[in-house]
Amino acid sequence: MMDKTLIAIIGPTAIGKTTLAIKIASHFKTEVLSADSRQFYKEMQIGTAVPTTEELNAIPHHFIQHKSIFEPYSVGDFERDALTKLDALFKTRQTVVMVGGSGMYVDAVVNGLDNFPEVDQTIREKLIHEKETFGLEHLQNQLLLADPVHYQRVDLSNPHRVIRALEICLGTGKPYSSFLAKNRVKRPFKTIYIGLSAERPIIYERINIRVDNMMTAGLLKEAEQLLPHKELNALQTVGYRELFQFMEGAWSLETAIDEIKKNTRRFAKRQLTWYRKNTAVKWFGFQSDIQPILDYIKEEL
């Protein structure tokens, strides 16, 4: 199957990856796999910017709202399912397109997961207790000291990911980042990376506009319906967490919206930090014409 190729479309949130993926998939008469972990859950639509009905009808998509927030679904689960789907699609296609803003999920499919040692369960329990007692910032500061490299990459507003990194640091005495990229597997397909980017002020402005559009589309109502389940891992994400703060009286709605924009901008910055370390990515401007991108892919093929 080494004559098969996965075309991975990456880039920061709100940059236009979905539109480009559909154009490329249409040109190669193939299908799209979503590697955006926020878009897996059927109860979360507006706040995760899932493709529109028109976009989904234009090209077959996979791993869009295929799970419930009540179903645990890890990056390992996605790696397994995505590889199974790729194996099926490659039986009748030379190329498949994968698109998404979750760098860890893209890497899992292309390179395999990193192996982490088992650590004492009591460490996690202690960290959860510290988070409940002293707050998330207390754990963030610990991570900054224990692993400044991963501190710059991780979603600091997601307590599950901060705790996961810290438990590895504390349980092994080594930085979490030291275990990354140690065991790369050889996949039976080639991967071509296409990155979309723009100057930071443009990315930030696009994010601000997207958040405003989400609010207009009914994000607040969607979040209200999810409030009873706010402790679920799937809901520890930007766009919902801030509105939960508003609903519980901690913030005004204006503050919550500003925080969504700010945290999404921070998320975009972390995405770029993650992607920039991958020297295999061919970067294009977000307004690039499709033809130079197709020409590059054909050269690589």
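Two strands pair if DSSP finds at least two bridges between them. Helices (H or I, at least four residues) and strands (E, at least two) are DSSP runs, numbered from the N terminus. This is a predicted model, where local features need pLDDT of at least 70 and side-chain atom pairs count only at pLDDT 80 or more, while totals for chains, interfaces and linings use all residues. Residues are numbered from 1 along each chain as its sequence is written, and side-chain values use heavy atoms, with hydrogens and water left out.

**Exercise 1. Work out in which order the six strands form the open sheet, and which are the edge strands.**

Step 1: Go across the sheet and you read β3-β2-β4-β1-β5-β6, with parallel pairing.
Step 2: Now look for strands that pair on one side only; these are β3 (61-62) and β6 (281-285).
Step 3: Zoom in on β1 (residues 5-10) and β4 (residues 95-99), which run parallel and are joined by five bridges. In one of the bridges, A8 has M98 of β4 as its partner.

**Exercise 2. Describe how α6 packs with α5 and with α8.**

Two packed helices are described by the angle between their axes and the distance between the axes.

Step 1: The axes of α5 (residues 121-134) and α6 (residues 136-146) come within 6 Å and cross at roughly 125°. Angles under 35 degrees count as roughly parallel, over 145 as roughly antiparallel, 65 to 115 as roughly perpendicular and the rest as oblique, so α5 and α6 are oblique to each other.
Step 2: For the residues, L127, E130, K131 and F134 of α5 meet L136, H138, L139 and Q142 of α6. That contact divides into four nonpolar, two polar and two charged residues. (Ala, Val, Leu, Ile, Met, Phe, Trp, Tyr, Cys and Pro count as nonpolar, Asp, Glu, Lys and Arg as charged, and the others, Gly among them, as polar.)
Step 3: Turn to α8 (residues 159-172), whose axis is 10 Å from that of α6, at an angle of about 45°. These two helices are therefore oblique as well.
Step 4: On the α6 side you'll find L136, L139, Q140, Q142, L143 and A146, facing P159, V162, I163, A165, L166, C169 and L170 of α8. The tally is eleven nonpolar, two polar and no charged.

**Exercise 3. Locate the salt bridge partner of E79.**

Step 1: A salt bridge is a side-chain nitrogen of Lys or Arg within 4 Å of a carboxyl oxygen of Asp or Glu. The structure holds 15 salt bridges.
Step 2: E79 pairs with R187, the closest N and O atoms being 2.7 Å apart.

Conventions
Axes fitted to C-alpha atoms, helices over the stretch in contact; angles between N-to-C directions. Contact = heavy atoms within 4.5 Å.
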